[in-house]
2 protein chains.
Amino acid sequence: MSQLQNDLVIKAAKRLPTDRTPIWIMRQAGRYLPEYRAVRAKHDFLTMCKTPELAAEVTIQPVNIIGVDAAIIFSDILVIPEAMGMHLEITEGKGPVFPSPVNSKEEVVKLKNPDPSKDLRYVLDAILLTKKELNGRVPIIGFAGAPWTILTYMVEGHGSKSFSKVKKLIYGNPELAHILLEKITKATAAYLSAQIEAGTSLVQIFDTWAGILSPGDYQMFAMRYVQQLISEIKRKDEPVIYFPKGVHYLMHELKEVGADAISVDWTVELEKARRKMGDKVAIQGNLDPTVLYADTDSIKREARKVLESFGKGHGHIFNLGHGILPDIDPENVKALVSYVKEESKNFH
Amino acid sequence: MSQLQNDLVIKAAKRLPTDRTPIWIMRQAGRYLPEYRAVRAKHDFLTMCKTPELAAEVTIQPVNIIGVDAAIIFSDILVIPEAMGMHLEITEGKGPVFPSPVNSKEEVVKLKNPDPSKDLRYVLDAILLTKKELNGRVPIIGFAGAPWTILTYMVEGHGSKSFSKVKKLIYGNPELAHILLEKITKATAAYLSAQIEAGTSLVQIFDTWAGILSPGDYQMFAMRYVQQLISEIKRKDEPVIYFPKGVHYLMHELKEVGADAISVDWTVELEKARRKMGDKVAIQGNLDPTVLYADTDSIKREARKVLESFGKGHGHIFNLGHGILPDIDPENVKALVSYVKEESKNFH
């Protein structure tokens with residue numbers, strides 16, 4: 001940490017004083033950047049994930065182009081089920097697909113416990129290379145999917161509207177769901193520990209499908225495994241950020257999950273999130289990603305609302321409420337980042 | 001109302017005493033019923049909407065087969081934009097599409113103010129026929145989409161993941177959005193008034209896309225038009241139910257929107273909804289629709305949790321937290337309805 005020239009995100013995640021609010025953009029490397037598309041035009045998505053030079057290149061792009069305060073390693077949450085033995089296909093535009101989703105106890109038992117230093121070596125190498133190339137300019141954020149979200153992909157095979165397969169599993173065969181969640185949790189804990197060892201200064205856990213559950217089911221099938229996962233990550237003082245998309249309830253329980261920061265979507269008022277959780281965790285978020293479609297004045301106005309909603313003081317990491325959309329103008333993202341860097345000084 | 005043999009839903013919507021909790025299922029006529037599929041096999045979706053005999057037949061099916069306490073008229077929320085002049089295509093499986101979505105002031109100005117007695121005559125005729133055939137067994141529920149949700153479809157042209165077009169509109173050209181919302185509100189008020197005049201005992205307003213907005217934008221672009229809409233509906237004492245899917249905030253404002261009942265999704269605890277709004281409105285909901293994939297014991301257990309979450313007393317209409325899914329076994333729906341009818345006696 002002492003070698004970092006910019007450790008604002010780390011400090012904010014620990015609710016330590018900073019002179020402004022740090023900002024990064026969820027899944028900031030991606031299709032909205034022409035520089036990314038130029039690389040992507042020559043390589044498919046998985047090849048980019050698995051080639052450290054390419055992954056490092058697109059990881060660093062937003063630091064240079066957009067001026068964000070952290071670099072999130074370019075990868076995908078589905079490398080974990082792939083390392084567990086599932087065949088993964090990623091077609092841009094169509095999204096990731098497991099042609100043979102898990103649907104029996106035999107298949108669950110057959111899944112292997114990956115060794116990150118071998119099976120996910122390419123991610124660790126990408127982190128090592130990124131760290132070398134960044135040379136301490138900003139910290140690197142590692143990441144993984146939360147067990148519930150990974151289970152959902154493994155069982156559905158792809159994104160879904162009704163999530164019928166995974167719901168059939170948890171209502172019809174909850175024991176099998178728990179066995180699978182346990183396996184995913186173990187694999188993910190080892191994976192995130194390895195990322196930290198390779199050089200990430202923070203890790204974020206994405207629970208994209210948390211919001212499809214009722215509050216009771218969320219506690220039973222999602223939150224408890226996140227708690228277990230965080231407790232099993234080997235780390236010194238690297239903060240953990242947890243993003244339970246769509247979860248607007250159970251905040252008193254959520255702040256005890258073990259994360260240093262909780263990321264909230266744009267339907268949760270930051271003032272409320274801070275009031276309910278701010279004594280225990282930092283808050284990340286939460287500009288509606290579609291605000292970036294607007295003109296610069298509107299973007300600044302909406303970004304200021306986010307700063308005001310959190311209010312004065314420390315412990316806020318500015319971010320979007322969900323991932324950036326592919327047809328956003330990079331100039332708008334730059335305008336947002338510059339504005340937040342400058343304007344947030346008034347809140348510290 | 002005096003001619004109805006079962007007016008439980010009406011009474012519950014008015015928070016009047018009943019000896020059990022009434023139940024109906026959102027969009028209960030549909031693909032999960034073989035009897036519906038038999039009709040659908042011979043006619044396309046829009047033909048069914050526009051042929052009163054067919055609409056009445058499938059409207060009544062769930063009353064006979066499932067034993068629900070109300071019949072919701074078979075139709076679609078998109079008949080309003082169609083009546084305003086947009087060309088609508090509905091392909092089952094693919095969902096409804098407007099091949100030429102609205103995207104300019106000229107197109108907004110060109111939209112006509114429909115005369116329900118002519119342009120939506122087929123819906124009114126379906127209500128008249130259904131009423132005759134039901135002969136007072138249960139009340140008929142009319143419905144429409146909320147202005148924000150209708151605007152979203154008109155601008156996007158179809159369902160969306162990012163809702164980029166409608167968000168570009170509200171951030172980039174809010175004035176045009178307000179002109180269009182005003183037009184939709186007027187048309188919908190006349191339409192719901194005509195449904196009530198034709199014989200519906202209640203009406204429900206579906207705000208399916210309410211949850212894609214931030215709390216501030218929801219107030220500005222959605223809630224205020226629902227308030228205006230409800231105030232403009234011509235009715236004697238027919239209750240209005242409002243379903244703002246995904247809205248878990250602003251409950252103190254929401255209870256003042258003018259609706260007699262607010263329908264909540266399964267991520268909102270009924271206990272909380274009742275505590276925050278129950279002094280002003282009845283609460284409808286909110287079993288997770290995917291619970292119907294489970295075995296009968298699990299369905300009963302989860303249904304009981306819903307009854308317990310609302311607690312003892314009046315003013316609860318049992319329903320799902322969102323629409324029923326097409327691959328649900330009708331036997332499970334029957335089991336749910338029987339259970340709620342019987343078990344809920346203990347809560348009154």
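# Crossing helices and paired chains

Visitor: Helix 9 (residues 147-156) of chain A and helix 10 of chain A pack at an angle of about 110°, with their axes 8 Å apart; does that make them roughly parallel or roughly perpendicular?
Guide: Helices (H or I, at least four residues) and strands (E, at least two) are DSSP runs, numbered from the N terminus, while axes are lines fitted to C-alpha atoms, for helices over the stretch in contact, with angles running from 0 to 180 degrees between N-to-C directions. Angles under 35 degrees count as roughly parallel, over 145 as roughly antiparallel, 65 to 115 as roughly perpendicular and the rest as oblique. The angle here is about 110°, so helix 9 of chain A and helix 10 of chain A are roughly perpendicular.

Visitor: What kind of model is this?
Guide: Residues are numbered from 1 along each chain as its sequence is written, and chains are lettered from A and ligands numbered from 1 in the order in which they are written. Totals for chains, interfaces and linings use all residues, whereas local features need pLDDT of at least 70 and side-chain atom pairs count only at pLDDT 80 or more, the model being predicted.

Visitor: Which residues of helix 10 of chain A does helix 9 of chain A meet?
Guide: Two residues are in contact if their C-beta atoms, placed from the backbone, lie within 7 Å. From helix 9 of chain A come Leu151(A), Thr152(A), Val155(A) and Glu156(A), and these meet, in helix 10 of chain A, Lys165(A), Val166(A) and Leu169(A).

Visitor: How many residues of helix 9 of chain B are buried?
Guide: A residue is buried if 20 or more other C-beta atoms lie within 10 Å of its own, exposed if 12 or fewer, and partly exposed in between. The buried residues of helix 9 of chain B, among them Trp148(B) and Tyr153(B), pack against several elements of chain B, including strand 4 (140-145) and helix 12 (215-232). Helix 9 of chain B is mostly covered, and the count of its buried residues is ten of ten.

Visitor: Is Leu254(A) buried or exposed?
Guide: Leu254(A) is found in helix 13 (residues 251-254) of chain A and, leaving aside its neighbours within four places in sequence, is in contact with Pro244(A), Val247(A), Ile262(A) and Met277(A). Because 25 C-beta neighbours lie inside 10 Å of this residue, Leu254(A) counts as buried.

Visitor: Which C-alpha in chain A is nearest the axis that relates the copies?
Guide: After superposition by least squares on the C-alpha atoms of residues with pLDDT of at least 70 in both, chain A can be laid on chain B with an RMSD of 0.0 Å by a turn of 180° and a shift of 0.0 Å along the axis. The two copies are therefore related as by a two-fold rotation axis. In chain A the nearest C-alpha, 3.8 Å from the axis, is that of His248(A).

Visitor: Which helix of chain A gives the most to the side that touches chain B?
Guide: In the contact between the chains, 24 residues of chain A meet 24 residues of chain B. With five residues, the element of chain A that gives the most to this side is helix 10 (residues 164-172).
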